[in-house]
Amino acid sequence: MKKEIQAITDMEVDFTQWYTDIVKKADLADYSTVKGCVILRPYGYAIWELIKAELDRRFKDTGHENVYMPMFIPESLLQKEKDHVEGFAPEVAWVTHGGATRLTEKLCVRPTSETLFCEHYASIIQSYRDLPKLYNQWCSVVRWEKTTRPFLRTTEFLWQEGHTAHATREEATEETIRMLNVYIDVCKNALSIPVISGQKTEKEKFAGAVDTYTIESLMKNGYALQSGTSHYFGDGFAKAFDITFTDENNKLQYVHQTSWGMSTRIIGALIMVHGDNSGLVLPPAVAPIQVVVVPIASHKEGVAEKAAELANRLKSVARVKIDDSDKKPGWKFSEYEMKGVPIRLEIGPRDIEENTVVLARRDNGEKITVPMDALEAKVTELLEDISKNLYESAQKNLAEKTYTARDLDEYAEIAASKNGFIKAMWCGDEACEISLKEKFATTSRCMPFCGEKIGDTCVCCKKPAQKLVYWGKAY
Ligand SMILES: [Zn+2]
């Protein structure tokens, strides 16, 4: 059937343009007059609200509380932790005036809020009884980026940042991994996105962290996307900000801290992991509309009424929208395909006569005829099956685009001809990491927890290898 709305660029022709087309034509976001900042449109924002709900529920289930900090950080506060300020200073936005008056101390617009949480923790934590502190903040942050793309990299973006303080190293390490597992769970069970999880190298870790853990997903074009991170800080920030408590033996101790974050970047991953040449494909858990009801020949007697009745019935099992506008059905089909709505329900005079409806799946295009009596059960079953199928397809893409390089020739050949994860051994020397980046534009994505071994020598310098690393081209 002819597409009734303007087609988008095929991903095989121009992946970047395909992505931009979906952002615009699925009504996710629009550009604003402020360079590098985007407007999240209602449909895009609704997806974020659903992702947020999935995360927030799990944060609360693991004992966390939401708080809100100011958006400004005084310069002196940002400078307290040396590595942290060095990491963020180049991309910080500064406020120098309040009205016409020059401020005595300039304020940065938060690029992340470790320093504010630390200052607050220093004032509210006194005893071991005050620990742990398990706080999370939903907010926007600002990082002055040179090149920007909707969701993937914007000057201001929405996220959550968890900040916790603990009595011991063990508790803080446990928390770091617990929250990484929350991200893995949300990716798998709500977003149908498989990830590789592990640790970042020294070069790629967060400014001020002892250890950074990451989840990395793989897009349909073979590019990696860092999808969530969790950091263990040790007592470095505690020492810089003097966050101490008296333990059970009345001895003064420094707290051990963590932070962890996931942002609207993950919507970029949703687009590029599941999308196709007809547009967005949404996993049901984060689809603002899970079923769209499209009446066929709605001028015929009883059709509009039956469509409304079925939509109403389905509200008990799904987020439903009925489109009874005067657009042609074909136009509606294309529009909801573009928006990635998981199931389309078609109902026309013949269906009414036969007491059936037609259900069309967005993920694989399959159309089935279902008895009206079984509608709720069938929709519930289909939504579950779509989630599972999307995960399996993404898993297949990840597996197919994961390569192994045992020496530099193999590495060079893969990097030159394919996009995807390259598994290769590494000596631990930053010089090799820099060399692989300069020669092949591949960065170390993560050192997986599984600790698999595929050789004894570094893929770059042939010295004894320390770790297996997933390398790749990344957003
Ligand atoms: Zn090496």
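Which protein donors does the zinc ion have? Select C427, C432, C458 and C461: the SG atom of each lies 2.3 Å from the metal. Donors here are N, O and S atoms within 2.8 Å of the metal (3.2 Å for Na, K and Ca), and water is not among the atoms, so sites may look incomplete.

Before going on, keep in mind that you're looking at a predicted model, where local features need pLDDT of at least 70, side-chain atom pairs count only at pLDDT 80 or more, and totals for chains, interfaces and linings use all residues. Residues are numbered from 1 along each chain as its sequence is written, and side-chain values use heavy atoms, with hydrogens and water left out.

Stay on the zinc ion and check the angles: the four donor atoms give 104 to 117 degrees, a tetrahedral site (four donors with all angles between 85 and 135 degrees). Along the chain, the spacing reads C-x4-C-x25-C-x2-C. C432 sits in helix α14 (430-440) and C458 in the loop between β22 (443-448) and β23 (467-472), so this pair ties together parts 26 residues apart in sequence. Helices (H or I, at least four residues) and strands (E, at least two) are DSSP runs, numbered from the N terminus.

Next, pick α2 (42-61) and α6 (169-189), which pack at about 145 degrees with axes 10 Å apart. Axes are lines fitted to C-alpha atoms over the stretch in contact, and angles run from 0 to 180 degrees between N-to-C directions. Show E54, L55, R58 and F59 of α2, then M179, V182, Y183, D185, V186 and N189 of α6: they make the contact (heavy atoms within 4.5 Å).

Terms used. Tetrahedral: all angles 85-135°; square planar, octahedral: opposite > 155°, others 65-115°.
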